[in-house]
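Good morning, and thank you for coming.

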Amino acid sequence: MSPTDTQPQIHCDGLVRIYKRKGVEVVALQGLDLRVEPGELVAIVGASGSGKSTLLNILSGLDAPSAGRAVVAGHDLLAMGRAERRQYRLRTCGFVWQRSGDNLVPYLSAAENVALPQRLGGRSRSERSQRTGELLDQLGIADVADERPDALTGGQQQRLAVAVALANGPQVLFCDEPTGDLDTAESQEVYAALQQVNETHGTTVVIVTHDPTVTAEVRRTVAIRDGRTSSETLRRRAGEGEHHVAEEYAVLDRAGRLQLPHDFVAALGLQHRVRLELVDDHIQIWPEDPR
Amino acid sequence: MTRSPGLARPSLADRGLASLLVLLCASLVVGATGASLWLRSTADDLARATFGDATYAATQVKVTYVEVGDRELPAGGPEAVAAALPPAVRATVDPEPRASVASPEMVPTVLPARPAVPSFLTVAGLPGLESLVEVVDGRLPDPGVTTVSVADLPAPAQEAYLAKIGVDRGDGLPLPDVEVVEVVLEETAASEMNVEIGDLVALSGLSFGRGVRPPAVLRVVGTYEAADAFPTPLDDADTAREPAIDPTPDARTVRATAVAADPTTVLRATWEARPDLRYTFDPATSTSLTDTDQLVAQAREVELQSWPPLARSLDETAVTGLGDLAEQVVSQRATSEGMSLLGLTSLAAGGFAVLLAAAVVLAGRRRTTTRVVRARGAGVRWLLGQRAGEALLLTLPGIAVAAGVVVLAGGEAGDLVVGLVTAGLCVALVALAQLGSSDREQSVVQLVIRDAVQLVLVVLAVASVWLVWRRGDLDVSDPVTLVTAPLVGAAASVVALRLLQLLLGVLRRIATRGRSLAPVVGLSQGLALSQQVVVATSAVVLALTAAGVSVALGDSLRAAAERTGWEQVGADVVAQAPGLEDDTAEALAGLAGVEATAPVFSAPSVSLSTDLGVEGVRLVAFDPDAMREVGADGPFRVDLPARTGEAMPILVSPDLEVADPATELRYATSLLPVEVAGRVDRIPGVTAPGESFVAIDAAALSEAAGRNLTSYDDILIKGSPDVTEVERIVRDRSALGQVRVRSEVEEAQLSSPVVTRTTAVLLAVAVGSALVAGFAVVLLVTLGGPLRRRTGTLLVTLGGDLRQARRVSVLGVAPLVAVACLTSLACGGLMVLVADRGLDLAGLTATQDAVRVLPSGLSVVLAAALCVGLVVLAGLVAVRRPHEPLERTERR
């Protein structure tokens, strides 16, 4: 069964987001397509301003798309009302933002922070206590359960943020630059935590980052350029042992549009028009005949 | 406008914050300068108004010393005393006098004509000329402490005196002492009476023997030569100017008299026995009193002088023409400024606290800049200098405005100095606030220092209240008085926030057990905020306390004026004239607007049997029901019970000693059994302060005495009749009649210069405090804004709804504002108690009794409503911005 035959966890089709900034219309997403299967660990990379954070805000229910289609875990993000959106954020997805200040309440202890979404979800005291203990233990921060966030290291803060995001058992976890403020060692801790969450809980994890090294930490990396998915890199295990091979793919949208990698275009000096030729099992692209 | 290349343009918030600091500094500097100018200039106005009303042409410095024995006097007593006089007083003795008269009271500008010589005497210690008849009859003056033995009197005087008092020398009983009155006689009169200086004289005259008291014995202590056929007291200058010491060996009085009319003569004497007694005014330096500016200026130059040790004083009196007025001005000014000071110092402290809080916010916004500057090698001293320079720039507009105010309003350099000192404080506060630690978390040492400072603050506040309380006087020149209100406000805030933290901690632990989110997060947020907003909370408390104390003092002044009105009128209107009769009472009762009348019959002197014998007291008779009705709205109750037995119930004044309630009253020819049913301080509108009186039911008295009481001296009226009509009716009956209206008395009290001045300051303080309090509340709420928004946004992002986020915000800020308001109420109450103990408002409103400093019921209700309003306002401000996560993209 090919991937396209299953119900995707995240499905974006021709997603458009236009907003105004200081009176100027900005097209942040211009027909973006994305498909993420349940249990995947996906990184979305792109340059600053490419639209990756906008995409994450839409997927996490914090922003509404202007057009297109976006479905996450069966929730149509364009059709959701306020109440459903709230329930979606509460139970279906979790978030980890770059700054710990956006993830944690500074005057609550680590355990209280983890219990906070559970209170919103209406869990009993014993359920909260048990779940909080489990999460802190799994993420290796049980020893700082009574500490306030400002007493934790950057890595501990982000792991605590992951615990908070997982408090109500979401199906999808969105992370926006989760290692942006961390050093390499702390970044490794956070990626390890996310991988553990993905593997242990089966939670779909989407990481948005401009950190190119993330490719080595995830199985699939989607690159966004100018508001569209431009390419995907799949990492697979090759042969015996721990040897991994990464292959980059261009993304073909539902309308058959294809975005060529920039370096390919530059190398062949492609401009305006190209010439295509269908052969048995592939398509060939040539520069326009200079005639 | 161009900018220097490379310099980032300040954000709108930064520019707004800087503008706010400029505004706060300017408000403080201009406010301090204006307050100084206002208090000083209105004090001048107060003195000017008081002295301007007086019609003095001259005044006298006179000191009476007692308990000075002959052995203590040097051989050349008078000369020694004269030599020992303070230079300022001696200066009035040596040169040619410009004016002179012995006068403890007002000197009439037009002296009474003398019908005959020697019917009048100039009596040492009394103003003007006194009727000889009055003196001889013993009605004037009060002879004082000077006594001689009757045995020392000349034979004719001795015989006349003993005959009068019914003592026979043949009885062998020791002869009594007799009080003497020292007099200065006009030379011709002395000659006609054949008396010389030092003679003791017991005169007989037409009225001799009619007085209640034994006749006075005169001692001639001086004579003077009349300038013309009708000599006036001004002619006795040569005699009166010299200090006169009685040469009689057994004299126990030394009277040093200096006549002051010279501009250099001032009342600056202190007495060894009472070093605290000090007169600061000498308005008599100008004989014309036209130059009041000079008087007021001299009044400020207080210096102390020592009176010669030769004469020791146990009961000194100082008598000047204007001394009493001067003392009144000083007393009123002290009370007025004490009242103003409580509010002003608290308001100023609140303003400084707001400034400090705003400066801390600015420092927080510049923390990154500060950190970079420090990292590049800037030292603390350089940074302090740079920040102080900036702060100085911020205060310059305020200084400029203050200087303009001083110049335009005719202020003095001293006023500007006050403004400059305030500006210096502003600069120091703003500069130091920006040197605070750049680290968010305070170190243990810093926490310990903070706790220690707060502890010292509380101790100082308690100590200052204790000192003021023990002293019982709010002396405006005392530094303790100056700092009491600010210390109490700041310390109360600290204590209240500590207690709030404990309370929130307990509540939070309880809330943690439940499922609800808002209490846990909201209380936790409040707990976190309470540690960050101590200064802003202090500002709220100080400002609200200042407003509360000002309102309470204003209420007390109005209550005092109202009380004065009731004291002096006893009803809404009182008609006073001798011999008002029933037809007048009926005519008044028939006027439109009159609800009730109470005619009061008076007899000036009736005999009442007391423990000390039969005493002459004033008899006041009225209908008890009518009296109750006309005074029903007032603070005084005259409850005369109904007669139940043979004895008539009476009310007596407190000074009458009647141990056995059953006693007798002689009225007309009847000896009436009466029973003391109670004591009242006064019959409002009828009796004078300190007067001895008996109040009785007019109908019962009439029946018992068998006489109709149809003539009244006072008719008390309840209602709002046409006063002109009342006056017409009363004047028809008696040309001497007068009508007093309670509302006019109150209005007169409230419009007196000192009350006007005080209420103006109190009103300004109340308005200023309300503004500062409102601003401080907004600041307090705003300071928690980032934390609140961050929490709210996170909650909504996590799936909470807006209502939950708003509940959290309200729960985070409402306890803080509520505690600040409650603390303000407590502080206001404490400062009202302090004011009540340290201030005597009766001096400002001519109230006979002490006036309590208390807020009115309406003010208390309004204060409570204001507190509720502030909490609601804080809640509204806290939830003003929705925590809508969909704003994320737009804000990025």
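Let us take B:L355 as an example. Beyond its neighbours within four places in sequence, B:L355 touches B:L24, B:C25, B:L28, B:C426, B:L429 and B:V430. As general background, nonpolar side chains tend to be buried together in soluble globular proteins.

How far may we trust the prediction? For the complex, the predictor gives an ipTM of 0.82 and a pTM of 0.69. Chain B has a mean pLDDT of 72, with 67% of its residues at 70 or more. Two stretches of chain B call for caution. Over residues 54–82 of chain B, pLDDT stays under 50, and the model has 83 contacts beyond four places in sequence for this stretch. Residues 203–213 of chain B likewise stay under 50, with 17 such contacts in the model. Where pLDDT is low, the predicted coordinates should not be read in detail.

I turn now to where the two chains meet. Chain A contributes 24 residues to the contact and chain B contributes 22 residues. On the chain A side, the elements that give two or more residues are α1 (52–59), α2 (82–92), α3 (100–103) and α4 (110–120). Sorted by class, this side of chain A has 11 nonpolar, 6 polar and 7 charged residues.

Next, chain A as a whole. Its secondary structure comes to 8 helices and 13 strands. Of the 291 residues in chain A, 42% are buried. If we consider contacts in chain A between residues at least 6 apart in sequence, 63% of them join residues at least 24 apart.

Chain A has an open, antiparallel sheet of 4 strands, in the order β2-β1-β4-β5. At the edges stand β2 (24–36) and β5 (75–76) of chain A; each has a single partner strand, so one side of each is left without a neighbour in the sheet. Strand β1 (residues 10–21) of chain A pairs with β2(A) over 10 bridges, in the antiparallel sense. Within that pairing, A:I18 stands opposite A:V27 in β2(A).

β12 (residues 274–278) and β13 (residues 283–287) of chain A run antiparallel and are joined by 5 bridges. A hairpin of 4 residues links β12(A) to β13(A), and A:V274 has A:P287 in β13(A) as its bridge partner. Is β12(A) covered, or does it lie in the open? The number of buried residues among its 5 is 0, so β12(A) lies largely in the open.

Helix α7 (residues 184–201) of chain A has 18 residues, which at 1.5 Å a residue should span 26 Å; its end C-alpha atoms are 25 Å apart, which agrees. Its buried residues include A:Y191, A:L194 and A:V197. Among the elements that cover the buried residues of α7(A) are α6 (154–165), β7 (172–176) and β8 (204–209) of chain A. Just after α7(A), A:G202 has a positive phi of about 70°.

In chain B, helix α16 (residues 534–569) has 36 residues and reaches 52 Å from its first C-alpha to its last, close to the 52 Å expected. This helix, α16(B), is mostly covered, with 33 of its 36 residues buried. B:G570 follows α16(B), and its phi is positive, near 80°.

Finally, two residues that are not glycine. Most residues other than glycine have a negative phi. A:E177, however, has a positive phi of about 45°; A:E177 lies in the loop between β7 and α7 of chain A. The other case is A:D226, with a positive phi of about 50°, in the loop between β9 (220–225) and β10 (228–237) of chain A. A:E177 is partly exposed, with 19 other C-beta atoms within 10 Å. A:D226 is also partly exposed, with 16.

Technical notes. Residues numbered from 1 in each chain as written. Chains lettered and ligands numbered in written order. Contact = placed C-beta atoms within 7 Å. Nonpolar A, V, L, I, M, F, W, Y, C, P; charged D, E, K, R; others polar. Expected span 1.5 Å × (residues − 1). Buried ≥ 20, exposed ≤ 12 C-beta atoms within 10 Å, placed from the backbone. Pairing = 2+ DSSP bridges. pLDDT = per-residue confidence, 0-100.
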